[in-house]
Amino acid sequence: MHQLNKMTSLELQEFLTRQKDSTNFSFTMIHPDETKEEITLKNNLKSDKFLKAHSESTFELNEASELI
């Protein structure tokens with residue numbers, strides 16, 4: 001993807017692995033049918049499993065709980 005704050009599931013997994021475990025990130029998840037959902041993820045196993053289950057979605061970063 002070309003926009004800085006838009007990521008695929010795989011790109012987001014890679015991004016989260018480079019972040020501190022304590023930082024929460026707010027995203028808009030865009031499903032393949034274009035519906036949107038607000039979610040919060042962080043660098044942990046639960047988020048990794050969630051992203052693998054939603055590999056067809058794209059994600060827009062809204063905010064972080066700490067400076068990144």
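The protein has 2 helices and 4 strands. From the N terminus on, these elements follow the order β-α-β-β-α-β. Helices (H or I, at least four residues) and strands (E, at least two) are DSSP runs and are numbered from the N terminus. The structure is a predicted model, in which local features need pLDDT of at least 70 and side-chain atom pairs count only at pLDDT 80 or more, while totals for chains, interfaces and linings use all residues. Residues are numbered from 1 along each chain as its sequence is written, and side-chain values use heavy atoms, with hydrogens and water left out.

**Overall dimensions and surface**

Along its principal axes, the C-alpha trace spans about 30 × 20 × 20 Å. The radius of gyration is taken over C-alpha atoms, and the globule rule is 2.2 Å times the number of residues to the power 0.38. For 68 residues, a compact globule would have a radius of gyration near 11 Å, and the value of 11 Å for the protein agrees with this.

The protein exposes about 4600 Å², of which carbon and sulfur atoms supply 52%. Accessible areas come from the Shrake-Rupley method with a 1.4 Å probe, and for residues only the protein chains shown count as cover. A residue is called buried under 20% relative accessible area, exposed over 50%, and partly exposed in between (1.4 Å probe, protein chains only). Buried residues make up 35% of the 68 residues.

There are 8 positive and 12 negative side chains, and the centres of the two sets lie 6 Å apart. In this count Lys and Arg are positive and Asp and Glu negative, whereas His and the chain ends are not counted. The place of a charge is taken as NZ of Lys, CZ of Arg, CG of Asp or CD of Glu.

**The nonpolar core**

In soluble globular proteins, nonpolar side chains tend to be buried together. A nonpolar core is here a set of buried Ala, Val, Leu, Ile, Met, Phe, Trp, Tyr and Cys residues joined through side-chain atoms within 4.5 Å. The largest such core has 11 residues: Met 7, Leu 12, Phe 15, Leu 16, Phe 25, Phe 27, Met 29, Ile 39, Leu 41, Leu 51 and Phe 59. Helix 1 (9–17), strand 2 (25–30) and strand 3 (36–41) each supply at least two residues of this core.

Contact means heavy atoms within 4.5 Å. Apart from residues up to four places away in sequence, Leu 12 touches Met 7, Phe 27, Leu 41, Leu 51 and Phe 59. Another core member, Phe 25, is found in strand 2. Phe 25 counts as buried because its relative accessibility is 0%. When neighbours within four places in sequence are set aside, the contacts of Phe 25 include Phe 15, Leu 16, Ile 39, Leu 41 and Leu 61.

Among contacts between residues at least 6 apart in sequence, 60% join residues at least 24 apart. The table lists pairs that are separated along the chain, with their C-alpha distances.

| Pair | Separation in sequence | C-alpha distance |
|---|---|---|
| Leu 67 and Thr 23 | 44 residues | 8.5 Å |
| Phe 25 and Glu 66 | 41 residues | 8.7 Å |
| Glu 63 and Asn 5 | 58 residues | 9.8 Å |
| Ala 64 and Asn 24 | 40 residues | 5.8 Å |

Glu 63 lies in strand 4 and counts as exposed, at 53% relative accessibility. Leaving out neighbours within four places in sequence, Glu 63 is in contact with Asn 24, Phe 25 and Ser 26. Ala 64 also lies in strand 4 and is partly exposed, with a relative accessible area of 28%. Under the rule that omits residues up to four places away, Ala 64 touches Thr 23, Asn 24 and Phe 25. Leu 67 belongs to the segment after strand 4 (58–64) and is exposed, with a relative accessible area of 84%.

**Two loop residues**

Glu 34 is found in the loop between strand 2 and strand 3. Its phi is near 75 degrees, a positive value in a residue other than glycine. Glu 34 is exposed, with a relative accessible area of 59%.

Ser 57 lies in the loop between helix 2 (45–53) and strand 4. Ser 57 is buried, with a relative accessible area of 4%. Beyond its neighbours within four places in sequence, Ser 57 is in contact with Thr 8, Ser 9, Met 29, Ile 30, His 31 and Pro 32.
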